[in-house]
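Let's take a friendly walk through a structure, starting with a single residue and ending with its pockets. Have the sequence and the 3D view ready as you read.

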Amino acid sequence: MTSATAPPAPTKKLLAALAGARQATPPIWLMRQAGRYLPEYRAIRSQAPSFLDFCYSPDLATEATLQPIRRFGFDAAILFSDILVMPDALGQSVSFESGEGPRLKPIETAADFAALREAPDWSRLEPVFETIGRVRAALPGDTALIGFCGAPWTVASYMIAGRGSPDQAPARLFAYREPDLFAKLIDRLADGSADYLLRQIRAGVETVQIFDSWSGVLPPAEFERWCLDPLKRILTRLLAEAPDVPVIAFPRGAATQLGKFADLAGLAAIGLDTAVEPRTAAAALPAPLVLQGNLDPLALLAGGRALDDEVERIVDAFAPRAHIFNLGHGILPETPIAHVERLIALVRG
């Protein structure tokens, strides 16, 4: 007769937090921690003709992923890539204009949708998986590696509009006017994203984050249909095929919808945006759901007393439960390096 034994507790701080362990000093990583605020990043960015070329260069993407780990010693590295590699792999024209952001050939008709691939071209994304393997081999033993994808709604909003927009009106109108066609696009993205995350896991990432950067623009019924249901579809796949890999969701702007994430099977943590009050979230969301966030990137940019006070407020609010310290959105390019160093010192005491 044999008895089952519990798996050993994770030794990496980020993975321990995602397993529900409350730590006196929370692990810390920052969204967009590899990027333009680092002089070493700016030095290598010019080596690629375009941003997508940069993402698809294992040499450059590996270096960009590792740079903030060398400089700051964050508890996790996040793969350097972009959420729009998925529409690129589906055959949509994707480019990045300097100072203006992404540009895609908009999906406006059923014929535009029919021109997409039924499944991603995985050979197009092979450099991403190579980067993961290289980064994992080069990371310090106590540093976790995070993979990611864009949530179907957020990625679809770019695919429909052809660019970012303040309220994602093109995608919202498309969803109202062509709900069946929009549902097919969301389903294709959900299935492709689940496959993409599973391939990242096989390549070496230890946890994944799903970025839903535009979830906050949707009313409740549309939020359920286009944000929550596709996330459930992705989680179901990951739970079935990679049950030991924790998943973080980042539904930016979800506000009063956050409670709907409380009981999602397969979801380990939720990233809180800047607008969420930490104590309210800590009191309202169930203890097994790990909370991540949520310093205002502008407070980090400002530094000084504003930074000190905000860090103390957030750490104190989440102290009774498992917490991962992060920003409420991505680090701003103008952020002084000294402020990031100060942040780490404050969090780690």
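T62 sits in helix α4, which covers residues 58–72. Helices (H or I, at least four residues) and strands (E, at least two) are DSSP runs, numbered from the N terminus. This is a predicted model, where local features need pLDDT of at least 70 and side-chain atom pairs count only at pLDDT 80 or more, while totals for chains, interfaces and linings use all residues. Residues are numbered from 1 along each chain as its sequence is written, and side-chain values use heavy atoms, with hydrogens and water left out.

Is T62 buried or exposed? T62 is buried, at a relative accessible area of 10%. (Buried means under 20% relative accessible area, exposed over 50%, and partly exposed in between, with a 1.4 Å probe and protein chains only.) A polar atom of the T62 side chain lies 2.6 Å from the backbone oxygen of P58. Setting aside neighbours within four places in sequence, T62 is in contact (heavy atoms within 4.5 Å) with S57, T131, R134 and V135.

Now for the empty space. Rolling a probe the size of a water molecule over the atoms shows where empty space is left. On a 1 Å grid over the protein atoms alone, a pocket is an open set of points where a 1.4 Å probe fits, with protein on both sides within 12 Å along at least five of seven lines; lining residues have an atom within 4 Å of a point. A volume is the space filled by probe spheres set on the points.

| Largest | About 1400 Å³ | β3, 3 residues |

Of the 40 residues lining the largest pocket, R32, R36, F51, D82 and F96 are the closest to its centre. Two or more lining residues come from each of α2 (39–45), β2 (94–97), β3 (101–104) and α8 (152–161).

The second largest pocket has 17 lining residues, and those closest to its centre are P243, D244, V245, P246 and A268. Both α1 (13–18) and α11 (220–241) supply at least two residues of this lining.

Let's finish with α8. How many residues of α8 are buried? The count is 10 of the 10, so α8 is largely enclosed by the rest of the structure. Among them are W153, Y158 and M159. Just after α8, G162 takes a positive phi of about 85 degrees.

Methods. A polar contact is a pair of N or O atoms within 3.5 Å; within protein, one must be able to donate a hydrogen and the other to accept it, and residues adjacent in sequence count only if both atoms are side-chain atoms.
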